[in-house]
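Subject: Structure handover

Hi,

Here is the structure I promised to pass on. My notes follow below it.

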Amino acid sequence: MAQITIDSAAVRAIRSDDIEALLHRMIDAELSKNEEDIDTGFVDECINALIEIEQDKDKGFSVLIPLVSANDYLNGITGKNNWNTLSRAARIALLAAVFTTSTIAVNAAVEGVTGVNLIKEAGVYLQNAFYNNTPKSDEGTVIKEKTPIESTIEEISLPQPEAYQPVFTGTEEGYVEDIDDADEKPQPTGTEEGYGGIIDDEPQQGEAKPEHITPAYIPTPETPTNKDPVFTHIEADLTDFKHDYIYGEELTYDGLSVYAVFSDGSTQALSLEECTVTQSVDMHKTADYTLRIIYKNSVLEIRITVRPDEETRGSEIRSNDEFDYLLTDKGAYITAYRGAQPSLYLAETDGNAVYAIGASVFEGSEVETVELPNAQKLFENAFKDCKQLNYCSTPNAEYIGNSAFEGCTSLQNADAENATLYLGKNAYAGSGITDITLPEGIEAVPANLCRECANLVSVNLNGASTIGSSAFSDCTALESVIGTENIRAVGDTAFYGDEKADFETAPSGLQSVGTSGFAYCKKIKFGVLSEALAEIGDYAFMYCTGVTGVTLAEDIKIIPQGAFWGTRIKSVTLPEGLERIEAAAFMSTMLGKVTIPESVEYIGARAFQTASALTVTFEGSPEIENAAFFKSSRLKFYAYENSSAVDYAVENEITYEIMERSEGNEAH
């Protein structure tokens, strides 16, 4: 929020309740400065105060106080250290200072000047003079209205995955059990005469897969009552059956042939519908599972594996004192860490090169430094929320998963330059990195890549053309962004709040900018935005003072709310076919002249709320919201007789001239 410095003349103006004249003088003084020195935010706040005063004289004080240095204001407005000698207006102002800023410091300042503790002593007066007229929540606390930007950011949400609950099912005679731990073997059950044991042997790496399987337990055949053969057990042909899966693949029994075996050695093919079978397992967890097929009182067990990716399909599960890992052709794929070392040099384990760090292996650990000279892949959440991690060397990492280093607030370096296979969303969000170079030739920067990296100073985009949503939002220390020449699309809040950021090359080829994509980027020298910009989100360029002009695409139908609020636009040509100009679209700009096409049907509140000298020509008769224009001697309308623009001018005491219609409806 802007800050107003009040001198003695200003104090006298407040004492005489001449606040409106004071604010107008402040606006005039600000607009008289060199263009590059004008603080459009300051002008906005003065205009806001004037609008509030017009609606409620007393509320004007509460709007003004946050703009004023609290100590200076209190010292100036209180000539005597006695609360009772203050005017009603002064009392309201003091109370507003306490409850608008919500700080003990302001109350202390009041007490120092007046000798009165407002929070303790002014309850009754506050109730009558101020508090009853202030919006409150159901609990009675003062409601602070959110800015459009805050409301927009709060609406962004991400879908949450549903929990997966694997379950084995069967008939009354079959096996019914939930699997909670992939390492625990489910216990089959059957009839009184059925199978009740488990298989303890584990398959070894490289062991040939069986092509034919007989049951782990063959029951005693029933005593024949005649010469006909009786059922003894079931067997299976696994020649075409799939044993090894990776995450997300669907369990299938395709290729499995099951046979009933009889006492005379004969067989009969069975369909799976005649059997009770394992219906599902967790296909997103690294594990070895046992599938069970039950027919009558005979049980078959078939082993399958589930692994993270293609490179680990069918790999062997191994472990030592510190790690669980999968042994693949390329080396060790770490899946769990049980150690407590603050520093790790992890080139190999058990003589096997460490090839990859699996998902969430170090998540939330207290590790401080890690060196991974051979690792080529870091999967999602690998080091997420490692608050003590200040250094992680991964010079050969070609794959960095989603949220791999998210929340690593002490981490200073980012080895992302070689992540040509994959660079994930949120990979460094909320971390302490100071600079980042993206892989050469990258096309799209992932969403939230460096969101809220408070120490990030420099970024090399390496020619990326698309910037994902919130990729660099709230990077308040960001100063230098290079490799920007190819930017075409910018997602919602991609650079939101990066007030210090400057681009090496202006993004002259912009085609789309999402909601608040560049909001508050005050140093980027955009110049005149070209007509290639066909998609503009709400508040897209809010307070981008480097925007000096815009050529709007001919097919644009709506100029979104706040799209060019606070820019340095001096003139704009609105295309014929434009239908709506939303709230605050051109608020606090440098516009001097604008023509509203006949096609425009609606002009929102504060759409042209600017204190600069403005001449507006209306070719049609649009609906105009209250306070769409800032009323001042600088404003003038040209409009046709009996139009909405003339009605608006008369109601708001705005200077206007009637245009004459000639052939072709051209105005003169």
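C521 is buried, with a relative accessible area of 0% (buried means under 20%, exposed over 50%, partly exposed in between; 1.4 Å probe, protein chains only). C521 is in no disulfide, and the nearest cysteine sulfur, that of C544, is 5.3 Å away. A disulfide here is a pair of cysteine sulfur atoms within 2.5 Å. C544 is likewise in no disulfide. C544 is also buried, at 0% relative accessible area. The structure holds 0 disulfides.

A word on the source. This is a predicted model: local features need pLDDT of at least 70, side-chain atom pairs count only at pLDDT 80 or more, and totals for chains, interfaces and linings use all residues. Residues are numbered from 1 along each chain as its sequence is written, and side-chain values use heavy atoms, with hydrogens and water left out.

Next, the sheet. It is open, has 4 strands in the order 5-10-9-8, and its pairing is mixed. Strands are DSSP runs (E, at least two residues), numbered from the N terminus, and two of them pair if DSSP finds at least two bridges between them. Strand 5 (244-246) and strand 8 (276-277) are the edge strands, each pairing on one side only. Strand 9 (residues 287-295) and strand 10 (residues 298-307) run antiparallel, joined by 9 bridges. Y289 has I304 in strand 10 as its bridge partner.

Best wishes
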